[in-house]
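Visitor: I am new here and would like to learn how the descriptions of this structure are reached. Could you walk me through them?

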Amino acid sequence: DWSSDVCSSDLAGLRVQVKEALRELGTGFVTHPRNQALRAALRDGTVTPAQFQSGLLTVLYRLLFLFVAEARGQLHPSDATATVRDRYANNYGLTRLRTVGRRHVGDSRHADLWLGFDLVCTLLGDTDGSQAPRRAVLGLPALGGLFARNPFPGVDGLVHLANAHFATAIHHLSVVHIKEGRGKGRTTLRRVNYADLDVEELGGIYEGLLELVPEVVAEEGAASFRFAGDTAGGDRKQSGSYYT
């Protein structure tokens, strides 16, 4: 069943969904047949599991940033025309994917959803103006910051992600499962209303993700990604890893 939008009291459920999305992204990246360079970098230590996890968090928070910005109508500059806004929304917007993404969860052959998202990130990360003509087509600003860095430094070229994994991650970030009553009651799906989530709530989710310990197997034909479990709270304090 679908119910009303998720509220702050359901954030525990959203944390679970965000963790599942992160696992889906990690699995998709390490297993894609065209990501040989990524697997080689993981095998030889050029990219450590912790660095890979950091890259996944960058991708994840790019998604969350765009969910919030789109939901609040704040992604485009105030002078952006309706034409370019519609062009973005109908072809690249994540809000659209939250609605139609489920039809792609079985598509392991194509990666066009990820490529479209990667293009948007490239345009938003344009700090030198080299992408200005392409940004103008979609009416996007040059934000830099979160979008300016390479999520996986040490890996040359584009990383790939099949539609099946990307669409599943989008779905995990779109809904929470709310149990009705005690025991094995019916589960209600609630759509996440990102327009109402504030910075503190998103920061709390992020801090929880910092406690996850990634385990990566990067062998060709036997690649996998999972979490070993949470680290001790003291480890996170010692590392100074907190959301800002």
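Visitor: Which helices each supply at least two residues of the lining of the second largest pocket?

Guide: Helix 3 and helix 6 do. Helices here are DSSP runs of H or I with at least four residues, numbered from the N terminus. Helix 6 gives the most, with five residues. This is a predicted model, where local features need pLDDT of at least 70 and side-chain atom pairs count only at pLDDT 80 or more, while totals for chains, interfaces and linings use all residues. Residues are numbered from 1 along each chain as its sequence is written, and side-chain values use heavy atoms, leaving out hydrogens and water.

Visitor: What makes a space a pocket or a cavity?

Guide: On a 1 Å grid over the protein atoms alone, a cavity is a set of points where a 1.4 Å probe fits but cannot get out; a pocket is an open set with protein on both sides within 12 Å along at least five of seven lines, and lining residues have an atom within 4 Å of a point. The second largest pocket has a volume of about 340 Å³. Of its 20 lining residues, Arg62, Asp118, Thr122, Asn150 and Pro151 are the closest to its centre. The largest cavity has a volume of about 30 Å³, and helix 8 gives the most to its lining, with four residues.

Visitor: Why is helix 3 called roughly antiparallel to helix 9?

Guide: The axes of helix 3 (residues 49-71) and helix 9 (residues 199-210) come within 12 Å and cross at roughly 165°. Axes are lines fitted to C-alpha atoms, for helices over the stretch in contact, with angles from 0 to 180 degrees between N-to-C directions. Angles under 35 degrees count as roughly parallel, over 145 as roughly antiparallel, 65 to 115 as roughly perpendicular and the rest as oblique. Helix 3 is therefore roughly antiparallel to helix 9.

Visitor: Which residues of helix 3 and helix 9 make the contact?

Guide: Contact means heavy atoms within 4.5 Å. Among the residues making it are Leu57, Tyr61 and Leu64 of helix 3 and Leu202, Tyr206 and Leu209 of helix 9.

Visitor: And why are helix 6 and helix 8 called roughly perpendicular?

Guide: Helix 6 (residues 112-124) packs against helix 8 at an angle of about 65°, and their axes are 7 Å apart. The range for roughly perpendicular is 65 to 115 degrees, so the two helices, helix 6 and helix 8, are described that way. The contact joins Asp112, Leu113, Trp114 and Phe117 of helix 6 with Asn163, Phe166 and Ala167 of helix 8.

Technical notes
Points joined across faces, edges and corners; volume = space filled by probe spheres on them.
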